[in-house]
Amino acid sequence: MWVAAAAGQLQVDKAEEPVSGDMGRAELNLADDEQLLLAVAYVSDAQYNRNIQFETSPQAVRFYKLYNHWSTQGITYFFILVDLFLGLFEEPAVYLLPLWVTSTVEFICLLMFSVRLLHFSKVTPTKVFWKDAKNICVIVTILLTLLDMIVYLALAQNGYPAVRWSRVLRPLFCVNFTESRQLRRAFRNIRNTLPEITYVFVLFMFSVAVFSLMALKLFAKRKLSTGEGAPYFSNYLDVFFNLYVLVTTANSPDVMMPAYEVSWAYSIFFIVFVIVNTYVFMSLFLAVVYNDYKKHLKNEVRKLVYMKHRKMIEAFNILKTKNGAEFVVPHSRWRQLVKLVAADIPSSHRELLWRVLDDEQKGYLGRESFIGLADLLNIQIVQMKDRVHPLEKCMPRVYRSTISKLICRMVAHRAFRYTYDVIIIINAIFIAGDEMNPLITKAEWAFLTLYLIEILLKLYAHEPRAFFAKFQFWNWFDTIIIVAALLGTIANTALKSSGGYSSQQILDIVFILRVLRLIRIIDSFHRFRVLLNTLVNLIPTMLTYAGLLVVVYYIFAVVGMEAFKGRIHFYGVNSSNPAAAYCGNPALKGSQFAALKYCRNNFNNLPSAIVLLIELTVVNQWHVLATGFVMVTHLTARIFFVVFHIVVVIILINIFIAFVLEAFFVEHSLARSAVETAIEKKIQELGMGDSVDHPVGSLVEVMETSENDLGNSDNSNLKSRLRFRIASIRYKTVDALLQHMFEGELKPEDEIPTLEEIDNLTPDDFPQKPQTFDNVT
């Protein structure tokens, strides 16, 4: 597929001059070819929601094709990952490499980033390039990194201590290159949401501060002590920190117990505090984040919709020709366009798309119909061919016999599926049993035999190539698991019988495969399957926010490594070193951190730092981890851990939850209502759905040309065997999913704003629906 990324300065209201030429012409001159490539760029841009302004000259368009090729994008991602993974080999390192090696690799990465940026500057207008903040950010980051490398190398060579502070800037390359537009959009929406969050956060901190002052006055003069013998609520900063931790419930009920032991009445203070700050304020955070983030997300999506329509209109203006009193795009011109935009789809698929757009079979498309092409290209359509079973070819009489038909009907009957569901449940009971029991071992062979019989019966009833088609996930999963479990069991039995068997690895793999077989139950229950499919369709969206978390984790990990490296040591599980009892730092003697054996939770290398940050994200015991690092450094170390909690747990996680909730509502509701798209309707009208027994052959006859890949031409029944089905009623791209979330509210009018106006759109530029019980989400 030719993937071009963006549109140049679009002129929607440009003069509509007719394109000369007959509607049935077969060849284009050079100028027309160049215009066709430009139209391809616009349509591809609309399909993938790219909004980069690029030069529209023929040379720039061809150069832009190279910029958006999968190989050049892959190279960019590769060097971004290499740059990030350098943290594994730099001080503090998992495996320390010489300084000149890491410096050389980083310099090569910076060089490739510079080349990529230079390439981008050659395809965008100079004025636009220098107005783009992400380009300036990349340039500044490269220059600062080079400066830091030079200073660090000079200091290190002369034996002076130095800090590689520019490592914290590496994630900026991941965010600011063009390929990371979804990640950049997520950051931009968070930035727009921060003002509303700030108001709630300030009010929340004020509440904690007031409660902390009350706690100080209540307990300071009573000379209470904690379980470790430390003074209880005698210092305002300690009180504030402990009550902030209580908001996360990580130290509940420990923080309350010294006061509760004195009088049960003191529990009222802590109960009120938890109700106000944990349940009210934290819920308010989620509500504000959900409402405000959704508002800004909807604005971003609205801009995507406007951009898409502008680009499709511009492509239409390039391809249009005069037909009577109106401008249209003829079939021949449309077909040439789609061949370049989506070169990987078969011609039968292209003809189906044409039939959907040209519903009245006029032989041309108007502007409104042409605009719908971008959305249709984002819907996955599976082209299938009914094939004769190999056994039917080899043994037609046997395969068509009464017994054979009875077997096929038995396999297709739901009682067959229910029988194997029961077998799976019984198998689960045996899996939970003792593997050393001979009865369990014999039963496992029986279950494997039954599963193999199931697969063989299904292959007998269904044509093998259809059974193992591209989108038959559960058939592939089931077969691979069963075959792998069979081979693993055979290998395990053979090794045991040969004597001297001591390895547990093969047996562990067999155990895992046996447990994975239970996942088949999901495919047997409709509601389970719907939920799983919903989660699968949300994976691309979740990956965007996972990337956002990785960026934040990396920044905090680098800061943590510079601040806390070497402060805490892990000596191994069976170490006899006395220092292992206090993690190699005398300041931790008798601490809860050392008593809980948290020594491996340190910032001594990048993987350890990431694991520690994930533990902090989970929240449980995060105050113990923070206190441990405070004990080996300074009280101000609390700032690092509190800031991390605020940024990740309170802000990012709530925003992630808000987005997933909205996306899940859309995905789950679609799965329940089974919305029928225009393509699905057209497939059924043409009689070419996968459930139709005798389809109409007219569409296939149109598609049966020398360029088609409909199979072997000597198969006379092929035309009657072609089928189509929608692989998923949900769109496959994240941007298309976002548009689908708000498509009922995002229908742009005929007058599309200019490019500059679209870039500057804000939520206040659109009228808001009055909130009623009928339209509240």
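These legends describe close-up views of a predicted model.

Residues are numbered from 1 along each chain as its sequence is written, and side-chain values use heavy atoms, leaving out hydrogens and water. In this predicted model, local features need pLDDT of at least 70 and side-chain atom pairs count only at pLDDT 80 or more, while totals for chains, interfaces and linings use all residues.

**View 1. Helix H18 has a buried side and an exposed side.** H18 spans residues 402-412. Helices here are DSSP runs (H or I, at least four residues), numbered from the N terminus. Ser 404, Cys 408 and Val 411 are buried in H18. Buried means under 20% relative accessible area, exposed over 50%, and partly exposed in between (1.4 Å probe, protein chains only). An α-helix has 3.6 residues a turn, so residues three or four places apart point the same way. On the other side of H18, Thr 402, Ile 403, Leu 406 and Arg 409 are exposed.

**View 2. The buried residues of H18 pack against helices.** The partners are helix H17 (396-399), helix H19 (414-431) and helix H20 (438-461). Contact means heavy atoms within 4.5 Å.

**View 3. Lys 311 and Asp 45 form a salt bridge.** A salt bridge is a side-chain nitrogen of Lys or Arg within 4 Å of a carboxyl oxygen of Asp or Glu. Side chains of opposite charge can pair when their charged atoms come close. The closest N and O atoms of Lys 311 and Asp 45 are 2.8 Å apart. The pair links distant parts of the chain, 266 residues apart. Lys 311 sits in helix H11 (residues 266-319) and Asp 45 in helix H1 (residues 30-47). Both residues are buried. The structure holds 17 salt bridges.

**View 4. Glu 90 and Arg 170 join two loops.** Their salt bridge brings the closest N and O atoms to 2.8 Å apart. Glu 90 lies in the loop between helix H3 (70-85) and helix H4 (99-123), and Arg 170 in the loop between helix H6 (133-157) and helix H7 (171-176), so the pair ties together parts that are 80 residues apart in sequence. Glu 90 counts as buried at 7% relative accessibility. Arg 170, at 2%, is buried too.

**View 5. Glu 106 pairs with Arg 164.** The closest N and O atoms of this salt bridge are 3.2 Å apart. Glu 106 is in helix H4 and Arg 164 in the loop between H6 and H7, 58 residues apart. Glu 106 is buried, with 1% relative accessibility. Arg 164 is buried at 8%. Which residues are linked in a network of salt bridges? They are Asp 83, Glu 90, Glu 106, Asp 148, Arg 164, Arg 167, Arg 170, Glu 562 and Lys 565.

**View 6. Cys 583 and Cys 599 form a disulfide.** The structure holds one disulfide, a pair of cysteine sulfur atoms within 2.5 Å. Here the sulfur atoms are 2.0 Å apart. The link is left-handed, with -70° about the S-S bond. Cys 583 lies in the loop between helix H25 (526-564) and helix H26 (592-595), and Cys 599 in the loop between H26 and helix H27 (606-618). The two are 16 residues apart. Cys 583 is buried at 0% relative accessibility, and Cys 599 is buried at 7%.

**View 7. Cys 137 is partly exposed, and Cys 394 is exposed.** Cys 137 has a relative accessible area of 24%. Cys 394 stands at 64% relative accessibility.
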